[in-house]
Amino acid sequence: MLQKKTEISEQTVWMLAVRDNRDRDAFCALFDHFAPRLKGFIMRTGCSAAQAEEIVQDVMLTVWRKAAMFDPHRAQVSAWIYQIARNRHIDVVRKENRPVPDELAEDPGSEPDASQILAIEQEAGELKKALSSLKPEQREIIEKAYLGELTHQEISDQTGLPLGTIKSRIRLGLERLRHELKGMR
Amino acid sequence: MSAITHHIPDAILAAYTSGSLPHHYAVAVASHVSLCLQCRASLEAHQNMGGALLDATDRVAVSGHMKADLLAQLDAPVTPEPVYTRQGIYPRPVVEALKGQDPRWKSVGMGVRQSILSETKEGSVRLLYIPPGQAVPDHGHNGMEMTLVLQGSFSDETGHFGVGDIEIANEDLDHTPTADPGEACICLAATDAPLRFNALMPRLLQPFFRI
């Protein structure tokens with residue numbers, strides 16, 4: 001049985017406080033939650049601790065400066081920060097600016113839709129559960145892929161893996177996002 | 001927009017999300033996503049996947065002074081970087097590669113023009129202008145070739161491609177993309193090795209001279 005989420009996660013609450021009120025305490029809470037995870041995540045790609053900390057510093061500064069771009073109806077805080085971290089990592093390691101798509105802006109002054117935010121969080125929770133049920137070697141491949149260590153060909157060659165659950169979770173999230181994005185046009 | 005029928009496979013989107021996709025292809029993927037809601041939703045689903053992994057990562061303690069250093073920087077003045085946005089038919093990644101300037105077209109023969117956005121030994125990405133009814137001159141490419149339609153449309157042996165459609169061809173595909181009648185076709189093309197037009201060779205002989 002799925003348990004229906006009724007409260008928005010504290011990470012999202014912190015991020016909205018940073019975005020809307022420039023709340024420093026909330027920013028500190030985000031730092032305490034994400035900085036050690038980001039450092040661990042980045043070090044898994046072979047970066048030294050010092051280099052990883054430099055990237056974490058840049059990422060958290062971007063979180064503060066670009067907070068206006070965060071849209072809880074489409075992404076988890078962790079997803080938004082994940083993408084910032086990957087972009088920064090590539091900028092640093094490859095010394096090239098990563099091409100990004102045109103932004104889809106929220107309607108100015110639109111009220112947050114709690115049910116949509118909860119739906120995204122619910123989806124992410126299910127995705128996490130699916131991830132934790134993977135065998136260690138399957139999980140390692142997924143991690144490698146999202147840490148940028150597999151080429152598209154290598155990712156595509158992994159189709160033999162029983163990744164059905166993950167794929168169906170991505171698809172479900174996709175349906176919801178597609179619906180949400182349609183409303184923005 | 002709703003007419004987009006050729007999309008980006010999941011493995012390529014995942015590689016783009018994680019940053020392992022080479023730069024020239026990433027320009028094409030980011031441009032397609034700018035035009036295509038379906039692939040944008042897919043991309044955001046991949047980002048949520050990355051976020052779930054980040055959240056589940058083992059924590060490694062950061063240096064004690066880091067938070068204070070960071071807080072001290074929050075109010076520092078920021079020099080704004082140029083922010084590029086879509087201009088006419090060109091999505092942001094193309095405008096960014098052009099640094100906000102107009103394309104600088106150069107003829108490659110038979111009325112076809114190109115404007116190279118970037119070219120390295122790893123690969124290249126360029127705009128192509130193909131007059132209505134004209135076939136793209138024979139071109140050698142190794143590996144994957146991505147072609148995104150920005151204006152008009154083209155057809156080849158595999159199908160019909162309109163604005164926003166992306167064709168992803170491997171090197172085995174011997175195709176002759178031809179602009180449809182009506183409007184000139186403008187495409188964004190990303191290839192692995194530098195693209196070489198064999199403009200001086202008669203088309204009939206080209207199969208014998210393909211590299």
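Please keep in mind that the model is predicted: local features need pLDDT of at least 70, side-chain atom pairs count only at pLDDT 80 or more, and totals for chains, interfaces and linings use all residues. Residues are numbered from 1 along each chain as its sequence is written, while chains are lettered from A and ligands numbered from 1 in the order in which they are written.

Let me begin with the contact between the two chains. Chain B brings 51 residues to it and chain A brings 56 residues; two residues are in contact if their C-beta atoms, placed from the backbone, lie within 7 Å. On the side of chain B, at least two residues come from each of helix 1 (10-18), helix 2 (23-35), helix 3 (37-55), helix 4 (66-73) and helix 5 (92-97). Which helix gives the most to this side of chain B? Helix 3 of chain B does, with 16 residues. Helices here are DSSP runs of H or I with at least four residues, strands are runs of E with at least two, and both are numbered from the N terminus. By class, the side of chain B that touches chain A has 27 nonpolar, 15 polar and nine charged residues. For these classes, Ala, Val, Leu, Ile, Met, Phe, Trp, Tyr, Cys and Pro count as nonpolar, Asp, Glu, Lys and Arg as charged, and the others, Gly among them, as polar.

I turn now to chain A. Its domain assignment gives domain 1 (8-108) and domain 2 (113-185), with bounds taken from an automatic or database domain assignment. Between them, 11 residues of domain 1 of chain A are in contact with 15 residues of domain 2 of chain A. The domain 1 side of that contact has three nonpolar, five polar and three charged residues.

Two helix pairs in chain A deserve attention. The axes are lines fitted to C-alpha atoms, for helices over the stretch in contact, and angles run from 0 to 180 degrees between N-to-C directions. Helix 1 of chain A passes helix 2 of chain A in a left-handed crossing; the term applies if the near helix is turned anticlockwise from the far one by less than a right angle, and right-handed applies if clockwise. Among the residues of this contact are Trp14(A) and Met15(A) of helix 1 and Phe27(A) and Leu30(A) of helix 2. The contact divides into eight nonpolar, two polar and no charged residues.

In the second pair, the axes of helix 2 (residues 24-43) and helix 4 (residues 77-94) of chain A come within 12 Å and cross at roughly 45 degrees. That angle makes helix 2 of chain A oblique to helix 4 of chain A. Here the crossing is right-handed. Phe34(A), Leu38(A), Phe41(A) and Ile42(A) of helix 2 meet Ile81(A), Ala85(A) and His89(A) of helix 4. This contact has six nonpolar, one polar and no charged residues.

Finally, the sheets of chain B. Six strands form an open sheet in the order 1-2-3-10-5-8, with antiparallel pairing; two strands pair if DSSP finds at least two bridges between them. At its edges stand strand 1 (106-109) and strand 8 (166-169) of chain B, each pairing on one side only. Strand 1 and strand 2 of chain B form a hairpin with two residues between them, and Met110(B) in the turn has a positive phi of about 55 degrees. Within that pair, Gly109(B) has Val112(B) as its bridge partner. Strand 2 of chain B is joined to strand 3 of chain B by six bridges, and a hairpin of four residues links the two.

Phe154(B) stands opposite Phe161(B) in strand 7 of chain B.

Note on methods: Parallel < 35°, antiparallel > 145°, perpendicular 65-115°, else oblique.
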